[in-house]
Amino acid sequence: MLNRTAENVARATPEPLARKVRGISDKGLAWLFISPTILLLLAINIFPLFWAIYLSFTNFRANRPNEVVKNLGFANYQRILGDQDIWIAMQTTAHFVFWTILLQTLIGFTLAWLIDRKFRGHAFWTTIILVPMMLSPAVVGNFWRFLYEPQIGLFAYAISFVTRIPPTDIQMLSNVSLAPWSIIIVDTWMWTPYVMLICLAGLRSIPEYIYEAAEVDRASNWRQFWSITLPMALPFIMLAVLFRGIENFKMFDMVNLLTGGGPGSTTEVASITLKRQAFESWRTGYSSAFAIILFVAVFGLANIYVKALNKVKQR
Amino acid sequence: MKSSLKLALGLTSAITASTAVSNVAHAEDLTLCWAAWDPANALVELSKDFTKETGIGMKFEFVPWTNYADRFLNELNSHGKLCDLIIGDSQWIGGSAENGHYVKLNDFFDKEKISMDDFVPATVVGYSEWPKNTPNYWALPAMGDVVGWTYRKDWFSKPELQKEFKEKYGWDLGPPTTFDQLKQVAEFFQKREIDGKTVYGASIYTERGSEGITMGAMDVLYSYGFQYENPKKPYEMEGFVNSPDAVKGLEFYKSLYDCCTPPGASNSYMGEGVDAFKSGQVAMHMNFAFTWPGLQKDENVGGDKIGYFVNPKGPGGAQFAQLGGQGISVVSYSDKQESALKFIKWFANKDVQAKWWSLGGYSCLNAVVKDPAFPSSQPYAQTFLDSMAIVKDFWAEPSYAPLLQASQKRFHDYVVAGQGSAKDALDGLVKDWTQVFQDDGKM
């Protein structure tokens, strides 16, 4: 059927065009096929990036299109790097990235290791563990906002049951000390399964014969874990850390839904600050400069990390 | 074959013709953009009369308050044609006038003999004029609104509570007239058991994301002595925004938040306030007047159980209230400006305004609000009138958005998160606002 269609198309193609197509090299054909994608990429990724770089040197404001755009040189960058609030937002972001990655890696790897034991019902439990990851962040954010509600939320009641502190005193989203942890808990709950999946892939990729050889050498379980399991799964763990690190550096939806950056500015991560400057204060040039700084930071850190990851893989 | 071709052609023509007819029928439909709230529903009802009279259909684009500014300012900034008429927030007037988003209405008002003298003066300044206090009109006052308070009249009138309150504070439990009294009442009710349920003192604005905490804190700060600028020297804020009285006002707002709000009320605005009051959680509730018709009708807390009072006085006797509300404007990018102006003319009519009030909208027309029957027309009508007489508004500068964001941050950092002192917060606010005006070349 397909052959017949191809023949029909070939027959219907005008001879001059057919000659031209026949004359295209393999490389030319490859370019022909990928050019739409490249054009699309240029239009929606590369052009906006260069446009943002240009805007970052200006005082442009999207809500004042009629105003004369002035070139400010590096003034926006200087202002951002000298702004204490921006540094606080960066510290808050680093705090989230550190704790979410640490918890997700520890719990995710432990779960993967347990699932890899292939106990009875392990497939069922794997599916159950994966459920949070399958939900939309908007649903998760709202769901947890209700759970954290001090008057009717189950979370406060559960903690109160254990600690005997009145539930109305457990104000996860209003308390300055607890609010950052409320987000870390939700992010960990939602994305640990993702880390678990990657770690599980790593654990399943370790050939069985290596463990058999270790058994022959009478290596203890602990020794096998430190000498075989962990080193061989490490590139996968590092990959999971890279993915989650990049994602959490950009964390927005969960914070926006749960605390909106509050109380005060306690949970105001970089992406929330960026959104406020760009779409609430309408400082387009200024926020473009901030976006470029964030981009360079993530790109630079990710590059260094990927180099380390490659070294680990080569060992 | 031929007959099927004919049939297909016939169907196609019929569909094309019907589409064309339907396009003609809807060519004059106007789209009105506003926030999604109770008054918007009242306006839908009211606008049916306009369609009956003129044959112009009305479509509505209502967006929840949380996205209202983002959505419609984006629309205006991108010169979108979605909205023919827009009921934009009072703070947008400056920016929308300077950026050419709104049609200037002076000539139209002159031609149609619509006089701004016929409207409540505060609403003309707040919703229509730019620059302020000059006869340049960009909107018709559409929805008068102001922050005021509701209270649980049924709880206040319980004899045992009245007795206990009098013994404790030495005055009769009733709607407070000063902020000190308000705090005493709030403290009295905080964590008290009423009808087997733990209740709290007051619901106040604490929202961080849009404008909530600013609208709430300003309600107190104005009456304590806060001023945006030196009346003799515009944009001079040092000593006015952060005056000792303003500091005391902000300290008071924080103390009210700390002592007397329900647990977890750290991000509360209009909707959360209504929920807290309706669910019987709080004795008093700060909110814009637009919420009152809905609360009055509520089966659980409305009717005889609810009372209203004006924003109380500060320690020096000054009394102000935060202005809300909006004017209706014609969008300059609309292709249907003539029809949109027809709507404005119709809306300015006295009978329409009277019906607007009866449906739950808040008319700004003197002929309606100064009618002798007005104060008794609704239980909250007198409080609305008294509140509108003492209004003050936030900066209506074209850069109101960064100005608002700065106050949101400074107030929330201090009041809710407890960071720094009130003086630090207001000093920081002077710094932020100075930067905004310097960026604008005004300082």
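## Polar and charged links

Across the interface of chain B and chain A, 14 residue pairs are in polar contact, both partners being at pLDDT 80 or more (a pair of N or O atoms within 3.5 Å, one able to donate a hydrogen and the other to accept it, with residues adjacent in sequence counted only if both atoms are side-chain atoms). This is a predicted model, in which local features need pLDDT of at least 70 and side-chain atom pairs count only at pLDDT 80 or more, while totals for chains, interfaces and linings use all residues.

The rule also picks out five salt bridges between chain B and chain A (a side-chain nitrogen of Lys or Arg within 4 Å of a carboxyl oxygen of Asp or Glu). Take A:Asp85 and B:Lys409: their side chains meet in a salt bridge at 4.0 Å, N to O.

## Chain B's side

Helix 3 (65-77), helix 18 (400-415) and helix 19 (422-439) of chain B each bring at least two residues to the side that touches chain A (helices are DSSP runs of H or I, at least four residues, numbered from the N terminus). Helix 18 gives the most, with seven residues.

Sorted by class, this side of chain B has 11 nonpolar, 15 polar and eight charged residues (Ala, Val, Leu, Ile, Met, Phe, Trp, Tyr, Cys and Pro are nonpolar; Asp, Glu, Lys and Arg are charged; the others, Gly among them, are polar).

## Overall contact

Chain B puts 34 residues into the contact and chain A puts in 30 residues (heavy atoms within 4.5 Å). Residues are numbered from 1 along each chain as its sequence is written, and chains are lettered from A in the order in which they are written.

Technical notes: Side-chain values use heavy atoms; hydrogens and water are left out.
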